[in-house]
Structure formats: C-alpha cells, structure tokens
Amino acid sequence: MNEEQRPGGLTALAVINFVFSGWGLLGLLGMVAVFAFIGQIPTDEMDETKRAQLEAFQNMGVSTLVMIVALSILSNILLLVSGIGYLKQKKIMGRMVGNAYAIFGIVSSIASGLMFGAEMGGGFNIGTMIGLIYPVVTLILLNTTFVDDFTN
Amino acid sequence: MAGKAATGHHIRLISSYWCRHAVRSGSGLVYLMIALVFGLTVAHILIMPVEQFMIQQKQKTGETDPEAITRMIVGVGRPIAQWVLGLKSMEEIAQQGMMQPPPMGAGTQARTELEDNGIYDPWTSFLLEDKPALLSAILLVLLFGMPFVISFLAFNQVSGDVQTRGLRYLLPRTERRSIFFGRFLGVALFSTLVMAFIVATIVLYLGMKLRIYPAGALMVWAVQGFLALAILMLPYIAVCSFVSASVDSPFLSLILAKLIIAGVLLIAMIGSLAWKPAEYLLYLLPWGWQNHLLHPAPGHWLGAGLACLAYTGVLLALGYVRFARRDL
C-alpha cells in the first residue's frame with residue numbers, strides 16, 4: 001500500500017506523537033534545570049502547601065530522579081519512532097511500537113499516581129486521567145480503527 | 001412520499017457513516033483529543049484547589065467538613081460567576097470585595113434581603129448554592145470554550161470533497177440535501193457523544209472522589225449541563241456547515257470558521273469599549289444568549305435553547321442554498 005492511501009487520522013496521530021515528543025523533551029530539560037537549582041529556592045515566605053511540595057522534591061533521591069529522566073526519555077523515543085512508523089504505515093515500527101508506547105504510558109501514569117504523594121502531584125486525580133487520555137486513545141485506535149492500515 | 005422516505009434514509013446513512021469514520025479521517029481524532037484535554041483540564045484547574053483545601057483541612061482537624069468546603073467554593077466563586085454572567089462589572093465586584101456568602105441553610109428571607117441589597121442575585125445563588133457549585137463553574141467554562149473547539153471537528157463537512165471532486169461520485173446515488181444535512185447530523189452526533197463522555201467523567205470524579213455533593217443533585221445538574229452543551233454546539237456546527245459549503249479548501253474553511261466564531265466575540269467585546277451598542281454584535285451568534293442555558297427561570301433557558309435552534313436553522317438554510325447552487 002502506498003502512502004497516498006494513508007488515512008488522515010493516522011497522519012494526525014503521527015503529528016500528535018511528534019508534538020508530544022517535543023513537549024516531553026522540553027519538559028525533561030525544564031525538570032533537570034529545576035532540580036539543578038532546587039536547593040537554592042528560599043522557602044521562608046512560602047505557605048505550608050508549597051513548602052511541603054518543594055521539600056518533597058528536595059528530599060527525592062538521585063536514583064529516583066535518574067529513573068524519572070530515563071523513563072521520560074524512553075517514552076519520548078517510543079513516541080518519535082512510532083510517529084515515523086505511522087507515517088510509513090510500518091507494522092513493527094508503527095503498530096507494535098505505538099502499542100508499546102500506549103501500554104508504557106498507561107502503566108507509568110498509574111505507577112506515578114501510586115508512587116508519589118499528593119503533594120508531589122501524585123495520587124489519583126483528574127491530572128492522572130489527562131495523562132491517560134492519549135495512551136488509551138492510541139491503544140484503542142491502533143487496534144480497531146487503524147488495525148488494517150499497517151501494511152509495510 | 002417515497003422521495004422523502006429515501007431522503008430520510010440517506011440522511012441517516014450518511015450521518016452514521018460520517019460519525020463512525022470521523023476519527024479515521026483525522027478531524028474527529030484531533031477534535032476528540034482537544035475536547036477531552038480541554039474539558040478535563042478545565043475540571044482539573046477548578047477541582048485541584050478544592051482538593052488541596054480538603055487535604056489541609058484533614059491535616060488540621062482530622063476530617064473534612066463538606067459544608068465549610070462548599071462555603072469556601074461559593075465565597076470564591078460568586079464574584080467570578082457574577083462577572084462571567086455579565087451581572088456585574090469588575091469595578092462593582094472590586095467595590096463589593098470578596099463578600100462572604102450567607103451560612104449554608106440560611107432562610108430564604110435572609111437571602112432575599114441580601115438579593116435586595118444587590119450583593120447576591122438569584123442566578124449566581126442558583127448556580128452556586130442550589131446546584132453543585134463546582135459543576136456549575138466547570139459547565140460555565142465549557143459553555144464558553146467549546147464553541148472554539150468545535151470547528152476542529154466540523155470544518156471539513158463538504159469542502160474537502162468539493163476540492164477533490166469526490167462528491168461527483170456520490171451525487172448519482174443521492175441528493176445534495178442528503179449529503180449536506182447528513183454530514184451536519186453526523187458532526188452533531190459525534191460532538192454530542194464526546195460531550196456526554198466529558199460530562200460523565202467529570203461527574204463520576206466529583207461523585208466518587210470528592211464526595212461533597214449528593215449524587216442525585218450531581219446527576220440531575222449534569223444532565224441539564226450536558227443538554228445545554230449539546231444544544232449550544234448546533235449553531236456553531238451550522239456556522240461550519242455554511243463555511244464548508246461556501247469554500248473549496250478545508251484549510252480555508254477551518255480558518256474562516258475560527259475567524260467567524262471568535263471574531264464575533266472579539267469585535268463585540270473590543271468594539272463595545274469604544275461604542276457601547278457594538279456589544280449587540282454578540283447576538284450575531286449565540287454568544288449573547290448561551291449562558292442563559294444555565295438560568296434558573298424556564299423562560300430563560302427555554303428561550304436560549306430555542307434561540308440556538310433558530311440560529312441553527314437559519315445558518316443551515318443559508319449553507320444549503322449555497323451548496324445546492326454551486327458547481328461541485
């Protein structure tokens with residue numbers, strides 16, 4: 001099947017993947033920058049909630065930070081590779097890697113909700129559900145609407 | 001009669017096909033993502049401070065007090081709601097200050113006295129005290145924001161097929177009106193399903209996680225809010241139908257639909273700063289009516305609903321006249 005027969009939805013899915021991958025990369029850089037200076041932020045004039053949030057981040061171990069960064073990089077790579085796979089309608093690079101991203105995204109959203117306390121943005125809240133939207137939509141579409149479109 | 005039955009059957013067929021294939025074509029997928037992220041982000045932004053307040057309360061007293069939480073929401077939400085509904089200007093709200101609401105369960109006489117003094121009004125009291133306030137706030141923001149989102153779904157009803165000449169293959173099998181109205185109904189059906197999903201998700205979260213409102217009150221208000229959103233989308237979809245039937249390019253159709261929907265609001269708002277009567281431009285589209293869909297008086301919400309249907313009828317008629325006469 002040539003690329004002319006690629007459905008518009010699959011192209012849209014690829015573009016969304018690239019956009020999310022770019023955002024993810026920027027978020028990662030931002031997070032690293034914040035952690036580099038987190039010890040220098042004065043907490044004297046902060047209210048209790050903000051101070052608790054900041055202290056929770058300050059007390060987070062280096063190993064946890066490394067794990068978060070590694071998982072973010074993995075997620076971004078899966079997004080980027082599957083996006084290219086969608087455009088080329090590749091079975092492995094598109095459908096399989098896309099499914100891998102979706103499952104990884106769902107598991108990591110649930111795991112971060114369970115691992116981190118509410119003061120660190122964890123716990124189950126609507127933010128968790130927003131994080132789940134794209135992986136769930138991807139998982140459903142790759143295995144229903146676009147299941148027959150990966151022909152290369 | 002046989003012709004009418006065939007048209008009805010074709011419209012049903014085309015609308016259900018459009019609805020099922022909206023995601024595959026791309027526009028449905030983009031709309032689904034934007035609408036879900038927008039709807040749930042609005043809910044998250046409004047619910048998160050309440051959740052933090054509940055956590056603080058639990059840390060201090062060991063338990064949560066739903067009445068105190070509701071009072072806090074009403075106190076913060078009242079001036080914002082009064083401004084959003086156009087009942088008070090920023091200056092009036094600033095003069096009034098952050099008024100504390102009457103104690104929950106205060107008698108109707110106390111409330112009437114406050115209403116007479118101009119501090120409280122029946123509309124905001126209805127939205128914030130009689131109905132679940134958090135859900136009212138979310139619905140108000142969705143009523144304002146969803147018209148901007150709908151064009152991502154509705155912009156390419158016919159313009160793409162006009163550009164590629166694809167409609168020529170369809171026309172020997174059905175009539176132009178079946179295509180035009182069938183696709184309008186398909187968009188409306190898809191949009192309604194997405195709205196239902198968003199409202200149901202938010203209500204389930206409010207009911208099962210926050211637990212500060214009775215389930216029955218939440219359900220009833222959610223159904224009313226969902227109906228308001230579903231009806232409000234119709235005239236904006238009809239704007240897109242009209243634009244899509246008038247131009248050959250889907251991209252141009254999207255840009256024009258966005259310019260018309262947002263432009264009417266912007267020109268009315270900015271124009272009214274220089275010349276007060278310019279605010280009546282809001283009524284070119286339902287912008288001037290739409291908050292009344294959440295009004296306590298049946299005359300208001302019924303009137304607003306009928307106005308939405310009237311706008312839809314006029315815009316669809318204009319679009320169909322253009323579509324019926326143009327070269328495809």
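**Close-up views of a predicted two-chain model**

**View 1. H2(B) crosses H3(B) in the right-handed sense.** A crossing is right-handed if the near helix is turned clockwise from the far one by less than a right angle, and left-handed if anticlockwise. The model is predicted: local features need pLDDT of at least 70, side-chain atom pairs count only at pLDDT 80 or more, and totals for chains, interfaces and linings use all residues. Residues are numbered from 1 along each chain as its sequence is written, while chains are lettered from A and ligands numbered from 1 in the order in which they are written. Helices (H or I, at least four residues) and strands (E, at least two) are DSSP runs, numbered from the N terminus. The axes of H2(B) and H3(B) lie 11 Å apart, at an angle of about 140 degrees. H2(B) is therefore oblique to H3(B). Angles under 35 degrees count as roughly parallel, over 145 as roughly antiparallel, 65 to 115 as roughly perpendicular, and the rest as oblique. Axes are lines fitted to C-alpha atoms, for helices over the stretch in contact; angles run from 0 to 180 degrees between N-to-C directions. From H2(B), Val50(B), Phe53(B) and Met54(B) meet Ile69(B), Met72(B) and Ile73(B) of H3(B). This contact holds six nonpolar residues, no polar and no charged ones. Two residues are in contact if their C-beta atoms, placed from the backbone, lie within 7 Å. Ala, Val, Leu, Ile, Met, Phe, Trp, Tyr, Cys and Pro count as nonpolar, Asp, Glu, Lys and Arg as charged, and the others, Gly among them, as polar.

**View 2. H3(B) packs on H6(B).** H3(B) spans residues 66-84 and H6(B) residues 122-130. Their axes are 10 Å apart, at an angle of about 145 degrees. The crossing is right-handed. On the H3(B) side stand Val74(B), Gly77(B), Arg78(B), Ala81(B) and Gln82(B). Facing them in H6(B) are Thr124(B), Leu127(B), Leu128(B) and Glu129(B). By class, that gives four nonpolar, three polar and two charged residues.

**View 3. Chain B touches chain A.** Chain B brings 21 residues to the contact, chain A 18. On the chain B side, two or more residues come from each of H1 (2-25), H2 (27-61) and H10 (176-210). H2(B) gives the largest share, 15 residues. The chain B side comprises twelve nonpolar, seven polar and two charged residues.

**View 4. Thr41(B) sits in H2 of chain B.** Thr41(B) counts as partly exposed because it has 15 C-beta neighbours inside 10 Å. A residue is buried if 20 or more other C-beta atoms lie within 10 Å of its own, exposed if 12 or fewer, and partly exposed in between; C-beta atoms are placed from the backbone. Arg326(B) is 285 residues from Thr41(B) along the chain, and their C-alpha atoms are 42 Å apart.

**View 5. The largest nonpolar core has 99 residues.** Its members with the most contacts inside it are Leu134(B), Leu135(B), Ile138(B), Met233(B), Ile237(B), Ala238(B) and Val239(B). H11(B), residues 215-246, gives the most to this core, with 18 residues. A nonpolar core is a set of buried Ala, Val, Leu, Ile, Met, Phe, Trp, Tyr and Cys residues joined through C-beta atoms within 7 Å. Beyond its neighbours within four places in sequence, Ile237(B) contacts Ile150(B), Ala154(B), Phe184(B), Val187(B), Ala188(B) and Ser191(B). Another core lies apart from the 99-residue one. It has six residues, among them Leu79(A), Val81(A), Val97(A) and Ala102(A).

**View 6. Chain A has five helices and zero strands.** Buried residues make up 22% of its 152 residues. Among chain A contacts with a separation of 6 or more, 67% join residues 24 or more positions apart. Ala70(A) lies in H3 (residues 62-88). Ala70(A) is exposed, with 10 other C-beta atoms within 10 Å. Its C-alpha atom is 19 Å from that of Asn99(A), 29 residues away along the chain.

**View 7. Gln89(A) has a positive phi, near 55 degrees.** Most residues other than glycine have a negative phi. Gln89(A) is in the loop between H3 and H4 (91-115) of chain A. Gln89(A) is buried, with 21 other C-beta atoms within 10 Å.

**View 8. Arg165(B), not a glycine, has a positive phi of about 65 degrees.** Arg165(B) is in the loop between H8 (159-163) and H9 (167-170) of chain B. Arg165(B) counts as exposed, with 10 C-beta neighbours inside 10 Å.
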